Amino acid sequence: MNSSKPPVPVPLLMVIGIVAVSFSSIFIKWSAAPVSVQGMYRLLFTSLLMLPFARPYTGAAAQLGLKDWLLLVASGALLALHFLLWMGSLNYTSVASSTMIMALEPLFIMIGAYILFKERNSLLAMLGMAVAIFGVVFIGWGDIGLSAENLKGDLLSVGGTIAVAGHLLLGQRLVVRMPSYLYSLIVFVAAALVFAVYNLITGTAFFAYPAREWGIFVLLAVVPTVFGHILFNWLLQYVSATTVSMNILGEPVGASILAFLLLGEHLSGLQWAGGVLVLAGLGVYLYSGRKKTLKLEEALPSAS
């Protein structure tokens, strides 16, 4: 993470990323393909889209050490595990429930960041996080059932949340030593290869899918991955992994609204109220982060 500012305001980029990732669960629900195939082609197509622009980063790639490559592969494996578990959870539970559980990600990030990086948050930031998470609980409260299927979906989502928290923490460590574009490309290729090995071991078909499914694979690559995950990886240069994961709390709001409009999943009054609380918590957290950034800028010596 560096002290410079991105060319576009961070809050605007966060909104774009949140809207993009909110479409992920919709595309997954629309697809009849195994989630391991969806994940593999999502990452493969994203990597292919990125490759034509990778030439300027070949020098940086050549300078990576063995430890860097091992961490990159580990980050890719965690991303693949995240997709496998979370995407799988949508086969057993609703969009609202699955994304609500995923929104617990900042808790795992905050714990991991404190253990690994001694990263602390202000009381105001923690208050904003608490309000947002409380709102997320409201969103999923009316939909979490007690059936075995729903419980299985909930547990898969918890596992996916832990995996993506580890992926983001590794990303925060790696993007300070390499361009974020190179980081994203290598991690996506590694994750796609993990999925390919998984599909080979399980005997899952690679190609026997109708044109509609291939269209969904492309949408998964372009919308939530390019305009979501790649954007969030890039923002790790300017904000902490905790801040990135906190803003992903907006996904349950966007995903629940889209599920209502496109899938017919109805929201209760509690869920709508939860959406308001999530947005309010996000606002408090962003405000606290802005105050922290301004204090850091005031403490830095003048570049002139």
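**Notes on the predicted model**

1. Start at the surface: Trp30, Ile257, Phe260, Leu261, Leu262 and Trp272 make up a nonpolar patch with about 550 Å² of accessible area together. (Patches take residues with over 30% relative accessible area and no salt bridge, joining nonpolar side chains within 5 Å and like charges within 9 Å; areas are Shrake-Rupley values with a 1.4 Å probe, and for residues only the protein chains shown count as cover.) Helix H13 supplies the largest share of the patch, four residues. Leu262 sits in H13 and is partly exposed, at 40% relative accessible area. (Buried is under 20%, exposed over 50%, partly exposed in between, with a 1.4 Å probe and protein chains only; helices are DSSP runs of H or I, at least four residues, numbered from the N terminus.)

2. A word on the ground rules. This is a predicted model, where local features need pLDDT of at least 70 and side-chain atom pairs count only at pLDDT 80 or more, while totals for chains, interfaces and linings use all residues. Residues are numbered from 1 along each chain as its sequence is written, and side-chain values use heavy atoms, leaving out hydrogens and water.

3. Now inside. The largest nonpolar core has 63 residues, and Leu43, Leu72, Leu235 and Val244 touch the most other members. (A core is a set of buried Ala, Val, Leu, Ile, Met, Phe, Trp, Tyr and Cys residues joined through side-chain atoms within 4.5 Å.) Helix H10 (residues 180-202) gives the most to this core, with 11 residues. Another core, of seven residues, lies apart from it and includes Met100 and Val278.

4. What does Leu235 contact, neighbours within four places in sequence aside? Val10, Leu13, Met14 and Val244 (contact means heavy atoms within 4.5 Å) are its partners. Val10, Leu13 and Met14 are among the buried residues of H1.

5. Two salt bridges turn up in the whole structure. (That is a Lys or Arg side-chain nitrogen within 4 Å of an Asp or Glu carboxyl oxygen.) Glu265 pairs with Lys29 at 3.9 Å, N to O. Glu265 is in the loop between H13 (250-263) and H14 (269-299) and Lys29 is in H2 (residues 24-30), so this pair ties together parts 236 residues apart in sequence.

6. The other pair is Arg177 and Asp68, at 2.5 Å, N to O. With Arg177 in the loop between H9 (148-174) and H10, and Asp68 in H5 (residues 66-89), the link joins parts 109 residues apart in sequence. Arg177 is partly exposed at 40%, whereas Asp68 counts as buried at 12%.

Note on methods: Helices (H or I, at least four residues) and strands (E, at least two) are DSSP runs, numbered from the N terminus.
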